[in-house]
Amino acid sequence: MTTKKTSTNKAATSGPRMSDEAVKAKTGKAWKEWFDILDKAGGRKMSHKEIVKYLSAEQGVGPWWQQMVTVTYEQQTGRRAQHEKPDGYQISVSRTVGAPLTKLFDAFGTQKTRDKWLQEDGLVERTATKNKSMRATWNDRKTTLEINFYPKGDEKSQVVVQHSKLPDAKSAAKMKRYWGEALDRLRALIEQ
């Protein structure tokens with residue numbers, strides 16, 4: 001059994017990111033009901049895996065919602081910070097651009113084009129599926145990138161950059177800003 005205390009936790013003071021209506025529509029219970037159920041079951045002393053197991057075995061909650069309820073409970077009880085995952089912190093930034101999917105993908109996959117907007121030699125491509133996804137390692141050789149591309153019509157597309165295994169909340173906030181600014185430069189470049 002493990003417990004983790006996080007001293008600064010915005011999620012605990014700001015409330016769950018998903019509405020009561022949404023969680024109740026999918027699980028039959030609102031957030032307060034889930035928090036009360038987990039508190040009564042000893043959730044504050046359970047590990048993440050133990051809470052998930054309890055939600056599955058005792059409450060009949062499906063896999064995706066087991067994780068959603070567990071993570072939100074951990075955030076609300078101060079055991080998990082925003083963007084925190086078991087292997088570090090993770091952020092996600094997306095942009096929709098006025099360009100075809102192929103042009104957006106090529107802006108990531110072609111070093112010459114990437115150099116114009118990324119402004120840092122930091123992306124080491126590991127695998128890629130053309131016009132769909134890319135997996136990469138960042139320049140620190142410790143954190144990872146999952147980049148997904150989605151069509152949004154003939155002349156629109158979306159990119160989502162997920163940066164994982166970040167060491168702390170400060171790094172997560174820094175990289176969220178970084179990727180927001182980088183994707184804004186990318187959008188400006190390919191929309192010209």
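How closely do the axes of helix α4 (residues 48-57) and helix α5 (residues 63-76) come together, and at what angle do they cross? The axes come within 9 Å and cross at roughly 130 degrees, where axes are lines fitted to C-alpha atoms, for helices over the stretch in contact, and angles run from 0 to 180 degrees between N-to-C directions. α4 and α5 are therefore oblique to each other, since angles under 35 degrees count as roughly parallel, over 145 as roughly antiparallel, 65 to 115 as roughly perpendicular and the rest as oblique. The contact, meaning heavy atoms within 4.5 Å, is made by H48, I51, V52, L55 and S56 of α4 together with Q66, Q67, V69, T70, V71, Y73 and E74 of α5.

This structure is a predicted model, in which local features need pLDDT of at least 70 and side-chain atom pairs count only at pLDDT 80 or more, while totals for chains, interfaces and linings use all residues. Residues are numbered from 1 along each chain as its sequence is written, and side-chain values use heavy atoms, with hydrogens and water left out.

## The chain as a whole

The protein chain has eight helices and six strands, which are DSSP runs numbered from the N terminus (helices are H or I with at least four residues, strands are E with at least two). Along the sequence their order is α-α-α-α-α-β-β-α-α-β-β-β-β-α. Of the 192 residues, 43% are buried, a word that stands for under 20% relative accessible area with a 1.4 Å probe, protein chains only. Among the contacts with a separation of 6 or more, 57% are between residues 24 or more positions apart.

## Strand β4 and its two partners

Strand β4 (residues 133-137) is mostly covered, with four of its five residues buried.

| Partner of β4 | Sense | Bridges | Residues between the strands |
|---|---|---|---|
| β3 (residues 124-129) | antiparallel | five bridges | three residues |
| β5 (residues 144-151) | antiparallel | five bridges | six residues |

On the β3 side, T129 stands opposite S133 in β4, and in the hairpin that these two strands form, N131 takes a positive phi near 60 degrees. On the β5 side, A136 has L145 as its bridge partner, and R141, in the turn of the hairpin of β4 and β5, has a positive phi of about 65 degrees.

Terms used: Buried < 20%, exposed > 50% of the residue type's maximum accessible area, 1.4 Å probe, protein only. Pairing = 2+ DSSP bridges.
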